[in-house]
Amino acid sequence: MHQDDGAKSSIKMFANIFISFIGAGILGMPHAFKEAGVIEGSAIMALIGTLSVKAMLLIIDCKKKITWKKLDHINGSVLSSDGKIASEEKELLKVAENGEVDKVMDEVVDELLLQNPHHEIDYGDLGYYALGNSGRALVDTSIVISQIGFSCAYLIFISDTLNNMFPVLSRHQFLMSLLPPLAVLVNFRHLKKLAIFSLFADFANVFAYCVVFWFDFAHFDKVKIHPQVARISGLPFFLGVAIYCYEGAGLILSLEASCARDSRDKFRNVFKLTLFLVTTLYIAFGACGYLSFGENTEQMITLNLPSGPFPAVVQFCLCFSLFFTYPIMMFPVVLLLEKKLLPDGGKSSYYQGCILRGCVVVLSGIVVLVIPNFSTLMAFFGSSCCTLLGFVLPGIFHLRIFEGHLTKCEWFIDIVIIFLGLVGAVIGTRDALLRLLAGS
């Protein structure tokens with residue numbers, strides 16, 4: 001029997017999903033609530049969270065559908081010892097071909113794949129299956145741009161925070177000093193070398209968010225300005241920031257693949273519960289931050305923390321966390337670029353790979369110089385690439401891959417997700433570009 005090293009317990013699944021969806025975006029949520037208002041912001045965040053879960057589960061459904069088709073065509077020795085598919089598996093294969101993706105299907109697919117552990121499907125494969133080479137290129141490009149965008153947000157936060165703590169250097173000087181060590185970290189070929197730093201970063205994140213919450217509540221009674229309940233003009237900006245917060249959308253298949261095959265039937269329920277908690281946390285963090293500081297809420301809520309050693313420790317923890325999260329976010333980018341741009345996918349050209357990775361880090365620094373505003377950058381990348389990966393493409397892929405086997409309700413849900421994603425992308429990107437041109 002094949003040894004599966006994936007996560008088996010629900011707690012480990014929860015931790016992996018939670019870490020993937022809680023990032024720097026949460027620090028900009030109070031400012032986004034300032035723009036949209038408490039009621040409007042909470043309602044939009046809940047809607048975005050619900051649609052995100054549905055869209056990401058569509059991606060998993062598509063993976064299962066393609067897996068069955070692949071299993072139906074690969075060599076019979078992979079499927080069974082005697083070269084044939086068992087009769088009960090044939091019946092279930094017919095069910096799968098009719099577009100039904102349920103627990104029974106998951107169990108049989110996982111059992112068959114135990115004999116072929118290298119048969120995982122990624123987001124790019126879905127794009128190729130649904131739209132051909134253009135589909136794969138669209139997915140890969142969106143992932144590269146969005147991951148670079150996330151990394152740029154980290155650079156902005158670290159440089160702004162360090163400049164606020166130590167004004168002896170400008171934010172640009174801090175930014176330039178960050179790039180060389182990050183270029184070294186990005187050149188690590190295996191993420192396990194960063195595992196210990198990643199663990200410390202996760203603890204630093206949790207500690208920092210708890211302290212910021214505490215300062216929010218301690219500041220409630222000092223706010224004299226009545227909070228904004230709703231502000232329609234802030235809707236496009238809030239949409240971009242909200243979608244950006246679900247930055248793990250492009251990693252959904254990797255998260256599912258990280259689970260042990262005999263435990264993947266639990267993934268859906270754990271994923272739904274985790275995203276419910278994540279959305280609740282985003283709403284609570286954003287609303288409390290705005291209600292605490294009113295119209296004085298900064299683009300990054302940490303800039304509202306009072307001066308003193310304890311808040312300084314919190315800000316340093318976040319800087320430490322994001323500094324070591326940067327190479328992790330860049331990891332899929334450099335692998336994809338090496339595969340596309342270098343001979344043999346970079347396997348036989350180590351030094352060329354080093355140069356390429358260094359150039360990617362420099363590119364992120366240039367983007368920060370062009371878009372130095374934390375909230376505007378979140379809104380821009382959220383409205384463009386994140387909307388594409390999290391809403392538009394899942395709906396399109398599901399329509400194409402399950403073509404002819406969808407109920408009217410399923411078809412309608414796909415169309416709604418695609419439509420809302422396109423609307424959000426257009427109005428959100430437009431608003432972010434206007435803010436960028438206005439310098440706000």
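Which helix gives the largest share of the lining of the second largest pocket? I started there, working on a predicted model.

**Pocket.** I looked up the second largest pocket and found about 200 Å³ of space in it. I noted 14 lining residues, and those closest to the centre are Leu-47, Ile-48, Leu-239, Leu-420 and Gly-424. I then listed the elements that give two or more residues to this lining: helix 3 (38-73), helix 11 (235-245), helix 16 (374-401) and helix 17 (408-438). Helix 17 answers my opening question, with 5 residues, the largest share. I sorted the lining by class and got 11 nonpolar residues, 3 polar ones and no charged ones.

**Helix 2.** The buried set includes Lys-34 and Glu-35, along with His-31. I also wrote down Met-29, Pro-30, Ala-32, Phe-33 and Ala-36 as buried. I checked what comes after helix 2 and found Gly-37, with a positive phi near 100°.

**Whole protein.** I recorded 17 helices and 0 strands. Of the 440 residues, 53% are buried. For contacts with a separation of 6 or more, I found that 84% are between residues 24 or more positions apart. I took the accessible surface of the protein as about 19,600 Å², and I noted that carbon and sulfur atoms hold 66% of this surface.

Note on methods:
Residues are numbered from 1 along each chain as its sequence is written. This is a predicted model: local features need pLDDT of at least 70, side-chain atom pairs count only at pLDDT 80 or more; totals for chains, interfaces and linings use all residues. Side-chain values use heavy atoms; hydrogens and water are left out. Helices (H or I, at least four residues) and strands (E, at least two) are DSSP runs, numbered from the N terminus. Buried means under 20% relative accessible area, exposed over 50%, partly exposed in between (1.4 Å probe, protein chains only). Contact means heavy atoms within 4.5 Å. Accessible areas come from the Shrake-Rupley method with a 1.4 Å probe; for residues, only the protein chains shown count as cover. On a 1 Å grid over the protein atoms alone, a cavity is a set of points where a 1.4 Å probe fits but cannot get out, and a pocket is an open set with protein on both sides within 12 Å along at least five of seven lines; lining residues have an atom within 4 Å of a point. Grid points are joined across faces, edges and corners, and a volume is the space filled by probe spheres set on the points. Ala, Val, Leu, Ile, Met, Phe, Trp, Tyr, Cys and Pro count as nonpolar, Asp, Glu, Lys and Arg as charged, and the others, Gly among them, as polar.
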